[in-house]
Amino acid sequence: MTLQRCDTIESIRGAVRAARAAGRTIGIVPTMGNLHAGHASLIDASVGDGHFTVVTIFVNPTQFGPTEDLAAYPRTGEADLALCEAHGAAAAFMPAVEAMYPPGARTSIHVAALTEGLCGASRPGHFDGVCTVVAKLFNIVGPDAAYFGQKDAQQAIVLRRMAKDLDFPIALHVCPTVREADGLAMSSRNQYLTADQRRQATALHGALRLAAERIARGSTGAAALEAAMREHLAAHAPDGTVDYIALVNPEDLTCVQDVNGPVLIALAVKVGRARLIDNLMVDPRDRL
Ligand code: AMP
C-alpha cells in the first residue's frame with residue numbers, strides 16, 4: 001500500500017475515517033521526524049499488530065525550552081516518508097506549526113508529580129508540551145493503539161498516566177530501546193556529536209550496564225550504584241556533564257534507596273551540544 005501524506009488535520013481525519021470504514025483499526029506512532037531504526041521499530045510493532053498505522057512527524061515547539069535545540073533539530077521529511085513507506089505505515093501526518101497551535105491557543109496539559117524529577121527538573125515545561133501535543137494527536141487521529149519507546153522512559157510513564165486520567169480509549173505500547181552496535185541508544189541528537197564525543201557517548205550505556213551487573217550480583221544501595229556510574233562516566237566520557245543519574249521506582253518515579261524490586265536506572269548527560277538520555281529497567285530478582 002502506498003503511504004498517504006497528510007499535511008492538514010482534515011486530510012488525516014479523512015484518511016482515518018476511510019480506513020475505519022474499511023474495517024481497519026488504527027495505530028499511531030508520534031515522532032518528531034528524522035526517523036531512525038528506533039522509530040522504525042515502533043512502526044513495525046503497530047503494523048505487526050495489524051493497524052492502519054499513522055506516523056505523526058511534527059517537531060513540537062512547545063516541548064523545547066527557550067535555550068534548547070528547536071531551530072537546529074534535524075528535519076529530514078523526504079527520507080522520513082521513505083522510511084515510513086518501507087516499514088508499511090499507511091499515513092504520515094505532517095502538520096504545520098500554525099495548524100497545531102493556531103493563534104489564541106491557550107490550553108495545555110500538566111501531569112503532576114511524575115513530571116517533576118529526572119528530565120522534568122532540567123527541562124521545565126517540557127512534559128506539558130509533550131502531553132499537550134500527544135493529547136491533540138490522539139484527538140485528531142483517534143487511534144486504538146499508540147506506540148512509544150522505552151528510550152524516553154519518563155515520557156512513556158507520564159503519557160500512560162495522562163491517557164488513563166483523561167480516559168483516552170487507547171492501548172499504550174512501550175517498545176524496547178533500539179541501540180547502535182556499541183550500545184549507544186539511537187537518537188536524532190546523536191548526530192550533534194563529533195567523532196570523539198560519539199566514542200565517549202557509549203559510556204552512558206556502559207554506566208547503566210555497570211549498575212545492572214552490580215545489582216545482579218547483589219548490590220542494593222542506590223547511592224553506591226550512582227557513585228559507581230558517575231565514576232564510570234568521568235573515566236570514559238570526560239567531556240560529558242552529568243545532568244542526573246537516578247534509580248527510581250518505575251511506577252511512580254520516586255527515588256529508590258535500596259534496590260529490592262524492579263528499578264528504572266536513568267541518566268541524562270550533556271556531551272558537546274547533545275543532551276543524551278538513556279535508561280535500563282532492572283529487576284534484582286533476575287540475579288546472575
Ligand atoms: P522522537 O522523534 O525523539 O520524539 O521519538 C519518537 C518516539 O520514538 C518516542 O516514543 C521515542 O521514545 C521513540 N524512540 C526514539 N528513539 C528510540 C530508540 N532508540 N529506540 C526505541 N524507540 C525510540
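The dialogue below goes through the interface between the domains.

A: One note before we start: this is a predicted model, where local features need pLDDT of at least 70, side-chain atom pairs count only at pLDDT 80 or more, and totals for chains, interfaces and linings use all residues. Residues are numbered from 1 along each chain as its sequence is written, and side-chain values use heavy atoms, with hydrogens and water left out.

Q: Which domains does the assignment give?
A: Domain bounds come from an automatic or database domain assignment. Here they are domain 1 (4-175) and domain 2 (188-278), with centres, taken over C-alpha atoms, 26 Å apart.

Q: What area is buried between domain 1 and domain 2?
A: The size of an interface is often given as the accessible area lost when the parts come together. With a 1.4 Å probe and summing over both parts, the value is about 1500 Å², and carbon and sulfur atoms give 57% of that. In contact terms (heavy atoms within 4.5 Å), 20 residues of domain 1 meet 16 residues of domain 2.

Q: How many salt bridges are there between domain 1 and domain 2?
A: Look for a side-chain nitrogen of Lys or Arg within 4 Å of a carboxyl oxygen of Asp or Glu. The count between the domains is 1. Arg 189 forms a salt bridge with Asp 69, their closest N and O atoms lying 2.9 Å apart.

Q: Which helix gives the most to the side of domain 1 that touches domain 2?
A: Helices are DSSP runs (H or I, at least four residues), numbered from the N terminus. Helix 7 gives the most, with 3 residues.

Terms used: Buried area = accessible area lost by both parts, 1.4 Å probe. Helix = DSSP H or I, 4+ residues; strand = E, 2+ residues; numbered from the N terminus.
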